[in-house]
Amino acid sequence: MSKVILFNKPFDVLSQFTDKGTEGSTRRTLSEFIDVPGVYAAGRLDRDSEGLLVLTDDGKLQHNIANPKNKMSKCYWAQIEGEPDNDALKALAEGVQLKDGKTRPAKVRRMEAPAMLWPRNPPIRFRKNVPDTWIELTIKEGRNRQVRRMTAAVGHPTLRLIRYRVGSWTLDGIENGSWIETSV
């Protein structure tokens, strides 16, 4: 039976167990939080993004989760700069033109700040004269920094990004920096 680990990745943690960066680098990695042999991240979550990271010891499952051809949906909570109008939300929903092509259609909605939100260290920059808005964005592809590039393309840069769901797995009940083992 496959091992599946659901990890609530903190901000500024790499989605890998070792840091292959510059010599002497002190970047935080998964090994600081997870001591389960033989599991690997199924997909990536940027160092400056937070939330659900799925790890498994099953290579086929790992490929199914990470491969965009399988169209496994991923839901993100994005705190964005400004207040998007309906045109901006419609553009996100229909697909946004990026340098590497147009994104697939997405599901998008405004939302309140998540009730289960934990403090981020360091906190996002706060600007008294520029409001921010939370949106929920569900995509079925996973280009490099896609959600951040999509929100920027419609004029609302992402300030904070949390992956809430991958397929049917969610962050529900998992504290930031903690993990649980579950089944497929």
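**Exercise 1.** In this predicted model, determine which residues leucine 14 is in contact with, leaving aside its neighbours within four places in sequence.

*Solution.* Step 1. Locate the residue: leucine 14 lies in the loop between β1 (4-9) and β2 (40-41).

Step 1. List its partners. With neighbours within four places in sequence set aside, leucine 14 is in contact with Asp19, Arg27, Arg28, Thr29, Leu30 and Arg47.

Step 2. Examine one partner. Leucine 30 is 16 residues from leucine 14 in sequence, and their C-alpha atoms are 6.6 Å apart in space.

Step 3. Classify the residue. Buried means under 20% relative accessible area. The value for leucine 14 is 10%, and therefore leucine 14 is buried.

**Exercise 2.** Describe how strand β4 (residues 74-81) is covered and identify the strands with which β4 pairs.

*Solution.* Step 1. Count the buried residues: eight of the eight residues in β4 are buried, and the strand is mostly covered.

Step 1. Separate the two faces. Lys74, Tyr76, Ala78 and Ile80 point one way, while Cys75, Trp77, Gln79 and Glu81 point the other way; all are buried.

Step 2. Consider the pairing with β8 (residues 132-139). The two strands run antiparallel and are joined by eight bridges. Within this pairing, glutamate 81 has aspartate 132 as its bridge partner.

Step 3. Consider the pairing with β9 (residues 158-166). Here seven bridges link β4 and β9, again in the antiparallel sense.

**Exercise 3.** Find the residues with the most contacts inside the largest nonpolar core, and trace the contacts of methionine 150.

*Solution.* Step 1. The largest nonpolar core has 28 residues, and Leu55, Leu92 and Met150 have the most contacts inside it.

Step 1. At least two residues of this core come from each of β1, β3 (50-56), β4, α2, β8 and α3.

Step 2. Apart from this core lies another, of 18 residues, including Leu61, Ile162, Tyr164 and Leu171.

Step 3. Leaving aside neighbours within four places in sequence, methionine 150 is in contact with Leu92, Val96, Leu98, Thr103, Ala106, Leu137 and Ile139.

Terms used
Residues numbered from 1 in each chain as written. Predicted model: local features only at pLDDT ≥ 70, side-chain atom pairs only at ≥ 80, totals over all residues. Heavy atoms only, no water. Buried < 20%, exposed > 50% of the residue type's maximum accessible area, 1.4 Å probe, protein only. Helix = DSSP H or I, 4+ residues; strand = E, 2+ residues; numbered from the N terminus. Pairing = 2+ DSSP bridges. Contact = heavy atoms within 4.5 Å. Core = buried A, V, L, I, M, F, W, Y, C linked by side-chain atoms within 4.5 Å.
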